[in-house]
Amino acid sequence: MSYSQDIIYWMIQIIAPFFGTIAFALIFGVPRKYYLLCGLTGMIGWLIYVLTQQAGAPAAEATFLASAAVVFLSRIFAVNVKCPVAVFLISGIIPLVLGSSVYWAAYYLVMNETGKAMESGFTAVRLAVAIVLGIVIIQELPNKWFHLNRKRGH
């Protein structure tokens, strides 16, 4: 890729998940004052996914790390602006949701290509488990770890 293609690629990797996440926040009825934080959550999660994949990690590992980051950011934002974690988590996880592997599994099943359907279906299950593990592990961390403006000694 040329330098200008690299710039365009990274602009898309930053802008698309940011506005896509905000669009889903709008659909889910998130209050307008949280749109920026929702966009940042989705964008950062997607960037972690892309950078981890470019570093050579398998898709499931990249999905796990990215979903853990989305949950971590969601908890930080929720605790510090005093709203439910779901406000940021649901819209922020959307860029990581595994649409294509489920689509291809169904497609190959309909086309009677059982081997390819099973492979795509197994990929979808691995990615879904990675997302769930990322959510569960970070959700189990103590709430006090997510306060940004704590006073020392308290």
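## Crossing sense and overall build

A crossing of two helices is called right-handed if the near helix is turned clockwise from the far one by less than a right angle, and left-handed if the turn is anticlockwise. With that in hand, let's walk through this predicted model.

The protein has six helices and zero strands, so to speak of its elements from the N terminus on is to read α-α-α-α-α-α. Taken along the principal axes, its C-alpha atoms fill a box of roughly 60 × 40 × 30 Å.

## H3 against H4

Two packed helices are described by the angle between their axes and the distance between the axes. For helix H3 (residues 59-81) and helix H4 (residues 86-93), the angle is about 150° and the axes lie 8 Å apart. Because angles over 145 degrees count as roughly antiparallel, H3 is roughly antiparallel to H4. H3 passes H4 in a right-handed crossing.

Who makes this contact? On the H3 side you will find Ser-67, Val-70, Val-71, Ser-74, Phe-77, Ala-78 and Val-81, and on the H4 side Phe-88, Leu-89, Gly-92 and Ile-93. By class, the residues of this contact of H3 with H4 are eight nonpolar, three polar and no charged.

## H3 against H6

H3 also packs with helix H6 (residues 114-139), here at an angle of about 35° and with the axes 8 Å apart. The crossing of H3 and H6 is right-handed.

From H3, the residues taking part are Ala-59, Ala-60, Thr-63, Phe-64, Ser-67, Ala-68, Val-71, Phe-72 and Arg-75. They meet Arg-126, Leu-127, Ala-130, Ile-131, Leu-133, Gly-134, Ile-135, Ile-137, Ile-138 and Gln-139 in H6. The residues of the contact of H3 with H6 divide into 13 nonpolar, four polar and two charged.

## The largest pocket

Now for a look at the open space. The largest pocket has a volume of about 160 Å³. Its lining is made up of Trp-46, Tyr-49, Thr-63, Pro-95, Leu-96, Val-97, Leu-98, Gly-99, Ser-100, Ser-101 and Leu-127. In this lining, seven residues are nonpolar, four are polar and none is charged.

Which helix gives the largest share of the lining? That is H5, with three residues. Helix H2 (35-54) and helix H5 (99-110) each supply at least two lining residues.

Notes
Residues numbered from 1 in each chain as written. Predicted model: local features only at pLDDT ≥ 70, side-chain atom pairs only at ≥ 80, totals over all residues. Heavy atoms only, no water. Axes fitted to C-alpha atoms, helices over the stretch in contact; angles between N-to-C directions. Helix = DSSP H or I, 4+ residues; strand = E, 2+ residues; numbered from the N terminus. Parallel < 35°, antiparallel > 145°, perpendicular 65-115°, else oblique. Contact = heavy atoms within 4.5 Å. Nonpolar A, V, L, I, M, F, W, Y, C, P; charged D, E, K, R; others polar. 1 Å grid on protein atoms, 1.4 Å probe; cavity = no way out; pocket = protein on both sides within 12 Å on 5 of 7 lines; lining within 4 Å. Points joined across faces, edges and corners; volume = space filled by probe spheres on them.
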